[in-house]
Amino acid sequence: MREHIVPTDTDLPQIRRLAARDDSQAVLGLYERAADFVLLETGSAPSGTTVDEFFTDCPPGGDLAASCKLGMFMPDGELVAIADLAFGYPETDDAYLGLLLFAPQKRGLGLGRIFLEHIEAIAKTRNAKRLLIAVLDENTRGRTFWEREGFHLIRSFSGFEIGRKTHTVHRMWRPL
């Protein structure tokens, strides 16, 4: 059983925006360490294309310039998590978290809640009324996290294609 991190001021993770020109290598390194999720999601190993898509994707009708590509860094500078937060999807006053990905050795340590609180604070400053996520049916551990954090199912979609895989996806939400 893993211990939960009880951070002191000196070992609090830092969360900041990511930029493709500066952070692509660190993001690729994280994707490579988290290849289990990439394989689950796409059926392929992570690559430079995976990184490019992280920095260029946004939901239908979304504004890439308004989205937030975020990274969580440990005090030693290691990138341990990334998030992709967009606005205006599916409704104009929604925030949509398209990805929250942790390095395997950092999962289950309480860092997800810290990152989620930061994400919600950003969404609130943008006047979003609710935060939405989509979780793959196969990602049972992820769905357990979202439910524990108070997210509720809106609806499920079958036949959702990502890479070489077809999924059932559960859209979930929580008010802000």
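In the predicted model, C68 has L85 of β3 as its bridge partner. Strand β2 (residues 68-73) and strand β3 (residues 79-87) run antiparallel and are joined by 6 bridges; two strands count as paired if DSSP finds at least two bridges between them. Strands of a sheet pair through backbone hydrogen bonds, in either a parallel or an antiparallel manner. Residues are numbered from 1 along each chain as its sequence is written. Because the model is predicted, local features need pLDDT of at least 70 and side-chain atom pairs count only at pLDDT 80 or more, while totals for chains, interfaces and linings use all residues; side-chain values use heavy atoms, with hydrogens and water left out.

The β2-β3 pair belongs to an open sheet of 7 strands with mixed pairing, in the order β1-β2-β3-β4-β5-β7-β6. Its edge strands, β1 (14-17) and β6 (152-162), each pair on one side only. Neighbouring strands of the sheet are turned by 25° against each other on average, direction ignored (axes are lines fitted to C-alpha atoms, and angles run from 0 to 180 degrees between N-to-C directions).

The chain contains 5 helices and 7 strands, defined as DSSP runs of H or I of at least four residues and of E of at least two, numbered from the N terminus. Their order from the N terminus is β-α-α-α-β-β-β-α-β-α-β-β. The radius of gyration is 15 Å, close to the 16 Å given by the globule rule for 176 residues, so the chain is as compact as a globular protein of that length; the radius is taken over C-alpha atoms, and the rule is 2.2 Å times the number of residues to the power 0.38. Buried residues (under 20% relative accessible area, 1.4 Å probe, protein chains only) make up 44% of the 176 residues.

The largest nonpolar core has 28 residues, and L100, F115, I119 and W146 have the most contacts inside it. A nonpolar core is a set of buried Ala, Val, Leu, Ile, Met, Phe, Trp, Tyr and Cys residues joined through side-chain atoms within 4.5 Å. At least two residues of this core come from each of β2, β3, β4 (94-102), α4 (111-125), β5 (130-136) and α5 (140-148). The most, 6 residues, are given by α4. Beyond its neighbours within four places in sequence, F115 is in contact (heavy atoms within 4.5 Å) with I15, L70, G71, M72, A81, I82, A83, L100 and F102. A second, separate core of 20 residues includes V38, F55, L99 and L136.

Methods:
Buried means under 20% relative accessible area, exposed over 50%, partly exposed in between (1.4 Å probe, protein chains only).
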